[in-house]
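Could you walk me through this structure in the viewer? I would like to know what to select at each stop and what is there.

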Amino acid sequence: MAASVRRLLGLLRPLSRSVGTSPPQIRQLSGFIRPQPVFGTAAAAVRAPVRAAAAQTPCYPLLQRVSALVPTLTWQPCRNLTYISLKKGKRKTVKAVPARFMRLHCGLWIRRKAGYKKKLWKKLPARRKRLREIVFCNKTQSKLLDKMTSSFWKRRNWFLNDPYQKYHDRVNL
């Protein structure tokens with residue numbers, strides 16, 4: 001008998017806490033208890049439900065109301081390293097990096113300009129020439145690409161007739 005009473009009280013305890021501490025719920029519950037007023041005019045009868053609804057709306061802090069409209073204030077974009085091998089726990093290479101970028105031995109990364117293959121029929125020849133150029137990545141991009149690749153892609157390669165041979169070592173700057 002005592003155990004069943006304890007279980008029943010345990011079930012009712014969260015309900016009693018939520019009713020006792022939350023002002024919007026108390027206002028909603030007290031609306032059911034309050035006697036209905038008698039209205040003298042039709043205009044007063046129309047205005048009364050609007051006032052009652054305004055009184056029952058919960059009051060939230062300003063930051064909570066605005067943050068729902070603008071979620072980008074609290075969320076910061078980032079690129080986490082998620083590719084890790086299951087056997088040894090080592091970092092794995094993101095396959096898109098060696099496909100799109102090339103690492104020079106000095107640590108710089110080079111890439112093609114964006115859109116160098118897209119809709120060339122509508123671009124002027126000068127613009128097509130600019131898009132064919134190869135550009136260097138900046139310092140932060142190079143650091144990020146180094147994190148996204150394994151040591152296999154950072155080793156020195158010797159190619160026959162390498163067009164980038166003079167760029168691998170940074171000399172005469």
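This is a predicted model: local features need pLDDT of at least 70, side-chain atom pairs count only at pLDDT 80 or more; totals for chains, interfaces and linings use all residues.

Start by selecting residues 101–103, 109–112 and 134–136, which are strands E1, E2 and E3. Together, the 3 strands make an open sheet in the order E1-E2-E3, with antiparallel pairing. At the edges lie E1 and E3, each pairing on one side only. On average, neighbouring strands here are turned by 30° against each other, direction ignored. Now zoom in on E1 and E2: they pair in the antiparallel sense over 3 bridges. Across from Trp109 in E2 you will find Arg103.

**Stop two: His168.** His168 belongs to helix H8, which covers residues 165–168. Is His168 buried or exposed? Its relative accessible area is 7%, which is under the 20% cut-off, so His168 counts as buried.

**Stop three: Ser150.** Next, select Ser150, in the loop between helix H7 (139–147) and H8. Which residues does Ser150 touch, not counting those up to four places away in sequence? They are Arg91 and Thr93. Show the side chains of Ser150 and Thr93 to see a polar contact between them at 3.0 Å.

Terms used:
Residues are numbered from 1 along each chain as its sequence is written. Side-chain values use heavy atoms; hydrogens and water are left out. Helices (H or I, at least four residues) and strands (E, at least two) are DSSP runs, numbered from the N terminus. Buried means under 20% relative accessible area, exposed over 50%, partly exposed in between (1.4 Å probe, protein chains only). Two strands pair if DSSP finds at least two bridges between them. Axes are lines fitted to C-alpha atoms, for helices over the stretch in contact, and angles run from 0 to 180 degrees between N-to-C directions. Contact means heavy atoms within 4.5 Å. A polar contact is a pair of N or O atoms within 3.5 Å; within protein, one must be able to donate a hydrogen and the other to accept it, and residues adjacent in sequence count only if both atoms are side-chain atoms.
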